[in-house]
Amino acid sequence: MKKIFTFCTALMMLGVASSQAQSFTVYSHGEQVTDGATINVKGELKEEKFEDNGYSFIYRECKWDPELVVKSSESVMGSVEITPSGEGWSICWPEQCKPVGAGKTRTESGLFSATGSELQIHCELVAYDEEIAVPENNSATIVISVGDEKVTLTLVNDNPSASVNKIEGSAKAAVYYNLQGQKVDNPKNGVFIRVINGKSSKVMLK
C-alpha cells in the first residue's frame, strides 16, 4: 500500500512539473531567447541607383530584422502583439504584411508550428535621393502568447552604417504595368504600377 501511495505521489509531482514547463520557445538569429530579453536587432543599409522615366535617382533601404522564430511542442494557436516606439515597423505573420505605427499596438493570431513559425517582424525605412535618418533608438515591444504563457521581448535597432551594402554598376530601370497587369514600355497620361527592385507602387504620370 505504501509503495502504491509513493508511486501515485511521484506521478502527481511529475504532472505538476510537466504543466509548468513552457510549451513553446522563441529564437532570434538561431539563438534561444527568454522572457524579458532585449534583442539588439541586426540592420543592413542598401543603396542602388535607378533610372525612372528619364530621371536618375538613388534608392536607399535600411532594414532591421530580428529573425524571430517560435517553436512549439505541438501545433497550437497563439498570438503576437507588437508595440513600436518609432516608424517603419511591420509584421508579416501569419499572412500578409501589416504596418504598425509608432505608439500603436497590433495583435495577430495564428498557428505556431512544431517545426518553427517565422514571425517576420521587421523595421524598414526607405528614401529616394536623400540620406536615411537612422533612429538611435527605434524600439518595439513584442509579446508572444500561447494560452496563459507569455514571452515579452524588447527589440532595439542597432546602427547599420557599419554594414553598408552598396550595389555598384549601371542604373536599373523601373518597369511599368497598366492596371490590367500588362507591361507598358513608355508610360504617360495615366495611372500605372511601377516596379523597382521587386517593390511595386501605384503612380500617376502626365
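Tutor: Before we start, one term: rings of Phe, Tyr and Trp form an aromatic pair if their centres lie within 6.5 Å. Also, keep in mind that this is a predicted model.

Student: Okay, so how many aromatic pairs does the structure hold?

Tutor: Two. In one of them, Phe 24 and Phe 112 are stacked, with 6.5 Å from centre to centre and 25 degrees between the planes.

Student: And where do Phe 24 and Phe 112 lie?

Tutor: Phe 24 belongs to strand S1 and Phe 112 to strand S10, so this pair ties together parts that are 88 residues apart in sequence.

Student: Is Phe 24 buried or exposed?

Tutor: Buried, because its relative accessibility is 1%. Phe 112 is buried too, at a relative accessible area of 0%.

Student: What does Trp 93 pair with?

Tutor: Trp 93 pairs with Phe 112, and they're stacked as well: 5.1 Å centre to centre, with 15 degrees between the planes. That pair links distant parts of the chain, with Trp 93 in the loop between S8 and S9 and Phe 112 in strand S10, 19 residues apart. Both Trp 93 and Phe 112 are buried.

Student: So which residues form the aromatic cluster?

Tutor: Phe 24, Trp 93 and Phe 112 make one cluster.

Student: Then which residue has a positive phi although it is not a glycine?

Tutor: His 29 is one, with a phi of about 55 degrees. You'll find His 29 in the loop between strand S1 (24-28) and strand S2 (31-33). It counts as partly exposed because its relative accessibility is 24%. Asn 189 also has a positive phi of about 55 degrees, and it lies in the loop between strand S18 (183-184) and strand S19 (190-196). At 63% relative accessibility, Asn 189 counts as exposed.

Student: New topic: sheets. In what order do the five strands of the open sheet come?

Tutor: S3-S14-S13-S7-S10, with mixed pairing. The edges are strand S3 (38-41) and strand S10 (106-112), each pairing on one side only. On average, neighbouring strands of this sheet are turned by 25 degrees against each other, direction ignored.

Student: How many bridges pair S13 and S14?

Tutor: Seven, in the antiparallel sense, between strand S13 (residues 140-146) and strand S14 (residues 149-157). For instance, Val 143 stands opposite Thr 152 in S14.

Student: And the open sheet with four strands, what's its order?

Tutor: S2-S1-S6-S11, with antiparallel pairing. S2 and strand S11 (117-118) are at the edges with a single partner strand each, so one side of each is left without a neighbour in the sheet.

Student: How many bridges are there between S6 and S11?

Tutor: Two, with strand S6 (residues 68-72) and S11 running antiparallel. There, Val 70 stands opposite Ser 117 in S11.

Note on methods
Residues numbered from 1 in each chain as written. Predicted model: local features only at pLDDT ≥ 70, side-chain atom pairs only at ≥ 80, totals over all residues. Heavy atoms only, no water. Pairing = 2+ DSSP bridges. Axes fitted to C-alpha atoms, helices over the stretch in contact; angles between N-to-C directions. Buried < 20%, exposed > 50% of the residue type's maximum accessible area, 1.4 Å probe, protein only. Phe/Tyr/Trp six-rings, centres within 6.5 Å; stacked < 30°, edge-to-face > 60°.
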